[in-house]
Every structure is written in structure tokens, then in C-alpha cells.
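Hi,

Here is the structure for you to look over. My notes come after it.

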Amino acid sequence: MDRQVIVDALKEHLKKNPKALIGNKGYRKYLKLDRDHLRLDQGKIDGEERFDGKWVLRTNTSLSPEQVALKYKELWQVEQVFREVKSVLETRPIFHKCDETIRVMCSAAFWPLF
């Protein structure tokens with residue numbers, strides 16, 4: 001979402017009901033509490049502008065930036081495959097309380113598929 005749209009909406013909400021904004025993570029990061037009232041934190045807004053239009057990844061590995069970007073894209077592809085497989089198999093969430101049941105489900109039902 002465009003940052004200016006967020007800031008404009010935030011200004012409107014500040015006029016109407018500022019207390020309702022505290023629980024909103026999207027808005028909260030642009031707010032600053034001064035004594036008894038909320039106001040826009042223009043420093044935070046300006047500081048984030050440097051990332052507009054950029055793709056930022058942070059990691060603690062020793063990989064090069066190119067390798068990090070490639071691994072991130074590969075992760076996205078793996079997640080996409082899992083989404084597709086779940087829809088093809090029409091799986092649903094299965095909740096178990098016992099470790100033995102989980103082991104049985106994994107060994108009997110899922111491994112032969114791969």
C-alpha cells in the first residue's frame with residue numbers, strides 16, 4: 001500500500017478517534033505518544049521513505065546478497081508447491097493431542113505420497 005495513503009488515512013483517524021489506532025500495527029508504527037495525545041511521527045515516516053520501491057531482506061548468514069535473494073525466491077517456490085499440493089489433496093487442518101498419533105499419521109499417511 002502506498003505510504004501516503006496510509007498517512008492520509010491516519011490523519012483522518014487521529015481527528016475522529018485516536019485511541020482506536022493504538023491496536024493497529026499498520027498505523028501504530030507512525031504514531032508517537034506525547035503526554036496525553038497521539039501525533040504523527042514524521043521522523044519515522046521520513047526514515048522509511050528510503051525503502052520505498054526496494055526489496056529488503058535481512059539475514060545473519062555469510063551468503064552474498066545474490067545468494068540470499070536466490071534462496072528467498074526458492075523458499076517462495078517451495079511454499080507455492082505446498083499450497084498447490086494441499087489443494088489437490090484437499091487436506092484440512094488435523095489437530096492431534098498425542099505424539100504417538102502424530103508419528104502414526106506422518107509415517108502411514110503422508111510419506112508414501114513422496
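This is a predicted model: local features need pLDDT of at least 70, side-chain atom pairs count only at pLDDT 80 or more; totals for chains, interfaces and linings use all residues.

Numbering runs from 1 along each chain as its sequence is written, and side-chain values use heavy atoms, with hydrogens and water left out.

Helix α1 covers residues 3-16. Helices are DSSP runs of H or I, at least four residues, and strands are runs of E, at least two, numbered from the N terminus. The 14 residues of α1 reach 20 Å from first C-alpha to last, close to the 20 Å expected at 1.5 Å a residue (1.5 Å times one less than the number of residues).

R3, I6, V7, L10 and L14 of α1 are buried. The buried residues of α1 fall within an arc of 95° seen down the axis, so they line one face of the helix (the arc takes directions from the helix axis to the C-beta atoms). K15 and K16, on the other side, are exposed. Buried means under 20% relative accessible area, exposed over 50%, partly exposed in between (1.4 Å probe, protein chains only). Cover for the buried residues includes α2 (25-28), β1 (31-34), β2 (37-40) and α3 (42-48).

E48 sits in α3. E48 counts as buried because its relative accessibility is 16%. Beyond neighbours within four places in sequence, E48 is in contact (heavy atoms within 4.5 Å) with R3, K29 and Y30.

Y72 is in helix α4 (residues 65-89). Its relative accessibility is 41%, so Y72 counts as partly exposed.

Best wishes
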